[in-house]
Amino acid sequence: MKTAKITPWFHPCSVLDPHAALHSPRLGTARRSFRGSMSSATGIPRHHGLIAKDCGRRHSFVPRNFGRKRSKPVGGRSGPKYQGLAGQFLRPAGFVLSMADHGNGSSGCLDNSKKRRVPVFVMMPLDTFSVTDSGLAKIRRVKALTVSLRALKLAGVHGVMVEVWWGVVEHASPMQYDWSVYEDIFKMVCEADLKLHVVLSFHACMYPFSSPRANISLPLWVNEIGNLNKDIYYRDRHGYSSDEYLSAGVDQIPILYGRTAVECYEDFMVSFIDKFQSLMGNPIQEITIGLGPSGELRYPAHPFSDGRWKFPGIGEFQCYDKYMMADLKQAAFQAGKPDWGYAGPQDAGSYNSFPLGEPFFKEGQGTFLSDYGRFFLEWYSGKLIEHADHILSKAVKVLKTCQQDQPDAVLLVAKVAGIHWWYDTESHAAELTAGYYNTSYRDGYDSIAAVFERHGAALNIPCLEMLDSEQPEICCCSPEGLIRQMREAARRGNIPLTGENAIERFDKEAFSQIVRNAYHRPQAVRAFTYFRMREALFRTDNWKSFVNFVKQMYNKSQDGGCNGKMYSKLCKTG
């Protein structure tokens with residue numbers, strides 16, 4: 001009897017995905033293209049996180065070596081006069097929650113990488129389930145998903161990452177939670193003998209180029225409030241709002257049917273723990289707390305979904321909703337400069353500007369170096385750090401309730417974005433608009449690492465597959481420099497690291513770079529998550545490359561394992 005072949009999981013979103021920062025775009029000056037990085041249907045590069053469908057044009061008027069001044073990681077900080085909110089979290093004293101070390105059970109983060117294996121997780125497809133107009137979620141293609149999970153297990157994969165969406169679980173009414181689809185998904189993962197990395201996603205996933213099945217909004221009742229009051233979302237200076245994530249300005253304002261935004265996030269986490277407490281530690285080994293757009297701690301400064309921004313634009317500051325502006329006005333008054341509280345920088349260009357011609361970011365004498373510039377950037381980045389502190393403190397409180405007997409059972413993780421374009425300039429303009437006060441004169445990741453340290457959260461480092469030599473020189477990119485700086489901030493803060501790739505790649509260079517970064521001495525990452533399970537991963541050549549990569553990560557020989565023929569056989573018998 002002939003058995004039907006089960007097609008492995010296919011994710012239809014061939015252009016965009018919200019879970020990585022913008023990386024390695026195809027510009028006129030791009031060095032190379034990568035196998036597996038192109039959409040077979042459109043020929044458009046698959047870019048993720050902050051990337052646009054059209055990745056820009058050649059800008060021949062920009063000098064090729066523009067801005068390449070720094071050859072080593074930055075250091076130092078601005079003076080105490082401008083430390084503000086961000087300065088509160090530089091090397092804080094306080095309780096640090098120890099979390100699990102998947103490799104050896106140690107709570108210290110400076111492990112000898114030779115003695116540890118880095119577990120490999122794989123992100124589940126965005127369209128694992130479909131959501132009806134009424135909010136009912138149902139798993140799609142159960143047999144295909146089952147086969148895919150079994151294949152990952154045979155390949156030596158440790159577990160999968162599952163995004164748990166606020167907009168799905170609390171869809172229709174406040175505090176009415178429906179976890180049924182995640183009960184089904186977690187059951188399938190357990191049956192495949194895989195572990196779980198759960199991401200509590202408080203953002204929306206709405207992209208015009210993706211499949212409708214992959215689009216997930218904020219809860220319906222939140223959007224209803226937003227339709228009447230757009231200021232619950234971040235706004236730019238033109239008044240345009242982004243409904244991907246709630247503004248940090250409403251963190252402490254009870255505008256959501258009597259609850260603040262932070263209270264909504266806390267209630268969601270409490271409900272999750274109550275529902276899945278028996279799974280904590282095994283199979284749930286990691287929980288990432290969403291802190292902004294795409295789950296990353298940042299502002300939506302580079303909005304590609306509506307065409308406002310294209311790589312490698314510097315982006316725009318997102319502080320013009322009435323709640324953020326009220327906070328800015330108060331901060332300016334307290335600083336004795338009330339005139340500084342009426343708007344953000346007026347000489348910072350637009351979304352698609354280059355820093356070369358914008359006074360605020362000008363090399364050597366930009367406004368970002370002035371008293372006003374330092375005041376504004378301290379406030380802007382400080383609000384983001386304060387936002388992380390509020391949410392992570394609630395997450396730690398909730399996790400402690402289910403980990404009294406096993407305090408190291410689950411690794412708490414938080415993400416930052418990989419804003420690596422314009423990194424090799426003085427101002428780091430794209431990082432500044434995203435909320436990272438990081439320049440050639442100031443380390444902006446120290447204060448972020450410090451708040452993660454305060455709450456025992458691991459820092460997720462993006463772009464582990466990327467090399468500086470592969471980036472277009474025109475954009476002054478340095479993903480390697482950014483990773484070095486984040487790693488050093490984590491070392492100083494004594495916090496653990498996790499990592500992920502940003503672009504779906506299957507070439508030897510990318511996998512080798514991931515292994516080098518994952519086992520970097522003296523601090524290996526606690527876990528690595530591969531972006532992402534979809535059809536391209538299971539193509540014969542790609543699958544062989546991926547299986548070999550998993551073996552490298554586990555320090556195994558190149559023989560044996562689950563090869564392409566094994567997977568084909570599994571599909572036919574699944």
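This is a predicted model: local features need pLDDT of at least 70, side-chain atom pairs count only at pLDDT 80 or more; totals for chains, interfaces and linings use all residues.

Residues are numbered from 1 along each chain as its sequence is written, and side-chain values use heavy atoms, with hydrogens and water left out.

The chain averages a pLDDT of 81, with 74% of its residues at 70 or more. Over residues 1-113, though, the value is below 50, and this stretch has 351 contacts in the model beyond near neighbours in sequence (a contact means heavy atoms within 4.5 Å). Residues 556-574 also stay under 50, with 37 contacts beyond four places in sequence.

Now for the barrel. Here 8 strands close up in the order S1-S4-S5-S8-S9-S10-S11-S12, with parallel pairing. From one strand to the next, the twist averages 30° (axes are lines fitted to C-alpha atoms, for helices over the stretch in contact, and angles run from 0 to 180 degrees between N-to-C directions). Helices (H or I, at least four residues) and strands (E, at least two) are DSSP runs, numbered from the N terminus, and two strands pair if DSSP finds at least two bridges between them.

Let's stop at strand S5, residues 195-201. All 7 of its 7 residues are buried, so S5 is largely enclosed by the rest of the structure (buried means under 20% relative accessible area, exposed over 50%, partly exposed in between, with a 1.4 Å probe and protein chains only). Both faces are covered: Lys195, His197, Val199 and Ser201 lie on one side, and Leu196, Val198 and Leu200 on the other. S5 pairs in parallel with strand S4 (residues 159-165) over 7 bridges, and Val164 stands opposite Leu200. Strand S8 (residues 284-289) also runs parallel to S5, joined by 5 bridges; there, Ile284 is the bridge partner of Leu196.

Further along, strands S11 (residues 497-500) and S12 (residues 528-530) pair in the parallel sense over 2 bridges, and Gly499 has Phe528 in S12 as its bridge partner.

What does it pack against? With 8 of its 11 residues buried, H12 is largely enclosed by the rest of the structure. Among those buried residues are Phe511, Ile514 and Val515. The buried residues of H12 pack against helix H11 (479-493), S12 and helix H13 (540-553).

Methods: pLDDT is the predictor's confidence in each residue, from 0 to 100.
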